[in-house]
Amino acid sequence: MDKIRNFCIIAHIDHGKSTLADRMMELTGTVEKRDMKKQLLDSMDLEQERGITIKLTPVRMKWQSYELNLIDTPGHVDFSYEVSRSLAACEGAILVVDASQGIQAQTLANVYLAMEADLTLIPVLNKIDLPAADVEKTSREIINLLGCEPDDIIKVSAKTGENVDKVLDAIVAKIPAPRGEPNHPLRALIFDSYYDDYRGVILYVRVVDGCLSKNDAIRMLATGATGLALEVGHLSPNMTPDDELGTGEIGYIVTNLKTTREARVGDTVSLKKYFKEAK
């Protein structure tokens, strides 16, 4: 767990959040350069067409000897619920601000959500390469908002990749490792779920305590629904099966559930065997 960092990115629409995520995946070797395309985590057609993020998407990256789990979140105020779900699964957040536009109202709303969740915030000033960039003015806005020092602000160009490595280093240095009890019964927070026509209900989870292995019999604490973990793994950014998901990790569970109503967002996944013993 000491080598795990879970974080999300907070930003207004078009401030460069998805571009920064692209550069991170490129720099960490998560995606080969030949496979790289713009807004790689924005898989929906509408997201690609409009250049916005609608659906939150997790991705695992390796930086030095650390496991970095990024949850790419929507920036539009209409998707604040999606943002709150991702914040609940993280210990830190990167605040991305466009140097040419400054802090926007929608960004403020998400920053306050992150503060309420007691997340470690890393301020990043993006698009410093633009002619219209006002680095000093926007830096003062960030300092007034967060109460941070000028040196805490990382000035980057997500488009060119300038200083993106410093953002990755800051994630490792500043965001705390997840807490949890590996030897306790399984508790995994569902922060997203969807139905796949070919595979059934797929859950995106953050393992809080315990461990989940492939073929484990699972139970949802809120709905009482039971099923099987047909496959567990992580996304980097495609589904990559693992033998198990351990405490503090973020990943997916392919289940044999018939509908997402049986595994609602915010519910907790546990193991069915614990409930047998309680009878």
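These legends accompany close-up views of a predicted model.

**View 1. Strand β5 and its parallel partners.** Let's start with β5, residues 120-126, where 6 of the 7 residues are buried. Strand β4 (residues 92-98) runs parallel to β5, and 7 bridges pair the two. Strand β6 (residues 154-155) is also parallel to β5, joined to it by 2 bridges. Look for V124 in β5: V96 stands opposite it, and V124 also stands opposite I154 of β6.

**View 2. Two right-handed crossovers that share β5.** Follow the chain from β4 through helix α4 (residues 105-116) to β5, and you trace a right-handed β-α-β unit. Carry on from β5 through helix α5 (residues 135-146) to β6 for another right-handed β-α-β unit.

**View 3. A salt-bridge network around R60.** Here R60 and E67 meet through their side chains, with an N to O distance of 3.4 Å. Together with E249, these residues form a network of salt bridges. R60 has 9% relative accessibility and so counts as buried; E67, at 7%, is buried too.

View 4. R206 and E91 form a salt bridge whose closest N and O atoms are 2.9 Å apart. Because R206 sits in β8 (residues 200-209) and E91 in the loop between α3 and β4, this pair ties together parts 115 residues apart in sequence. Both R206 and E91 are buried. In another salt bridge, R187 and D209 bring their closest N and O atoms to 2.7 Å. This pair ties strand β7 (residues 187-196) to β8, with R187 and D209 lying 22 residues apart in sequence. R187 is partly exposed at 41% relative accessible area, while D209 is buried at 8% relative accessibility.

Notes. Residues numbered from 1 in each chain as written. Predicted model: local features only at pLDDT ≥ 70, side-chain atom pairs only at ≥ 80, totals over all residues. Heavy atoms only, no water. Buried < 20%, exposed > 50% of the residue type's maximum accessible area, 1.4 Å probe, protein only. Helix = DSSP H or I, 4+ residues; strand = E, 2+ residues; numbered from the N terminus. Pairing = 2+ DSSP bridges. Right-handed = clockwise from strand over helix to strand, strands pointing away. Salt bridge = Lys/Arg side-chain N within 4 Å of Asp/Glu carboxyl O.
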